[in-house]
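Subject: Structure handover

Hello,

Here is the structure I promised you. Please open it and keep it beside this note while you read.

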Amino acid sequence: MKHIFLNLKRFDVPVSYGGVNRIAPMQEWGSFIVKNTQDALKKYDPREVEFVQYLPEAHLLNAVAARCENSPVQIGCQSVYRMNTAVGGNFGAFTTNRPVSAMKACGVNATIIGHCEERNDKVGILAEAGVADTKAVNRILNREIRLAVENGMTVLYCIGEKDTELDRWDEVLREQLEIGLDGVDKTKVVIGYEPIWSIGPGKTPAGKEYITKIARFVKEVTGGIDVVYGGGLKVDNAEMLASIDEIDGGLIALTRFQGEIGFYPDEYLEIIRTYLGK
């Protein structure tokens, strides 16, 4: 099966507040995206491709409510907390956090964990405490993944190496995979590969040969888990990525890189048409 993931980050913030949201008012933003993409996605066979959209927590209820009957769009949250509520146990003392139970109650069945922005946040917090052990970050992410999967959610687990780690990319990715997936039902996980060293303005995008090498490595280490390209699936690289047998889809974020950046449903659909070839 192919997987097309959409990470909506904080693209809900209006331009007047320094954000990139030009498509809808905040209170309608999540539902606007679902309503303006789901009908066009119905033409694809759900047995061949899945579409998951990861939204900020404030928009989850409206996004779930906007799904039509037999909607091809799955709604996901942006990571979950490493602890959860329990009957007869913690009833919800998780101020500022997203326990899995709360996300499930919102109607969410998927989550993205380990995105480079989440990893950077955890690294920064640990650094304040004088901890520089990358294994600690992966152990925390493992707790998040296990809770999500054990509670019936699917997980897009992101991994990737920085420019300072290129000479030992295999060591870095193996650690992220082996620790992050320890004790996890891997049938509920898709790996998102983010070549962090190549993402961003002025950087050279990872090429087909390099992406293929990484995807083969990930499948070898994980026993064949599906791998998607998380460095930004877009019109410009869709055909190239689709030609890589070891790549099973992609993660879309920004859909306009010239002029008004942000997320636009029509360009999101164009990326999908280009990648799937129809």
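Start with glutamate 246. At 17% relative accessibility, glutamate 246 counts as buried; buried means under 20% relative accessible area, exposed means over 50%, and partly exposed is in between (1.4 Å probe, protein chains only). Glutamate 246 sits in the loop between α9 (235-242) and β8 (249-252). Helices (H or I, at least four residues) and strands (E, at least two) are DSSP runs, numbered from the N terminus. The side chains of glutamate 246 and arginine 216 are joined by a polar contact of 2.8 Å. A polar contact is a pair of N or O atoms within 3.5 Å; within protein, one must be able to donate a hydrogen and the other to accept it, and residues adjacent in sequence count only if both atoms are side-chain atoms.

Before the rest, the ground rules. This is a predicted model: local features need pLDDT of at least 70, side-chain atom pairs count only at pLDDT 80 or more, and totals for chains, interfaces and linings use all residues. Residues are numbered from 1 along each chain as its sequence is written, and side-chain values use heavy atoms, with hydrogens and water left out.

Strands

Look at strand β2 (residues 49-55) next. Seven of its seven residues are buried, so β2 is largely enclosed by the rest of the structure. In a regular strand the side chains alternate between the two faces of the sheet. From β2, Val49, Phe51, Gln53 and Leu55 point one way. Glu50, Val52 and Tyr54 point the other way.

β2 has strand partners. Strands pair if DSSP finds at least two bridges between them. Strand β1 (residues 2-7) runs parallel to β2, joined by six bridges. Phenylalanine 5 stands opposite valine 52 of β2. Five bridges pair β2 with strand β3 (residues 73-78), also in the parallel sense. There, phenylalanine 51 faces valine 73 in β3.

A right-handed β-α-β unit is made by β2, helix α3 (residues 60-66) and β3. Right-handed means that, with the strands pointing away from the viewer, the path from the first strand over the helix to the second runs clockwise.

β1 also pairs with β8, in the parallel sense, over four bridges. Histidine 3 has glycine 249 in β8 as its bridge partner. Gly249 and Leu251 point one way from β8, and Gly250 and Ile252 the other. All four are buried.

Aromatic rings

Rings of Phe, Tyr and Trp (its six-membered ring) pair if their centres lie within 6.5 Å; planes under 30 degrees apart count as stacked, over 60 as edge-to-face and the rest as tilted. By this rule there are six aromatic pairs. In one of them, the rings of tyrosine 44 and phenylalanine 51 have centres 5.7 Å apart and planes at 55°, so the pair is tilted. Tyrosine 44 and phenylalanine 51 are both buried.

Another pair is edge-to-face: tryptophan 169 and phenylalanine 217, at 5.0 Å centre to centre with 75° between the planes. Tryptophan 169 lies in helix α7 (residues 169-180) and phenylalanine 217 in helix α8 (residues 208-222), so the pair ties together parts that are 48 residues apart in sequence. Both tryptophan 169 and phenylalanine 217 are buried.

For cysteine 68, the nearest cysteine sulfur is that of cysteine 106, 20 Å away. Cysteine 68 counts as partly exposed, at 25% relative accessibility. For cysteine 158, the nearest cysteine sulfur belongs to cysteine 116, 7.7 Å away. Cysteine 158 is buried, with a relative accessible area of 0%.

Loops

Most residues other than glycine have a negative phi, and most peptide bonds are trans. Lysine 9 has a positive phi, near 35°. Lysine 9 is in the loop between β1 and α1 (29-35) and is partly exposed, at 23% relative accessibility. Threonine 96 has a positive phi too, near 80°. Threonine 96 lies in the loop between β3 and α4 (100-105) and is exposed, with a relative accessible area of 74%.

Threonine 85 is also in the loop between β3 and α4.

Best wishes

Technical notes. Disulfide = S-S within 2.5 Å.
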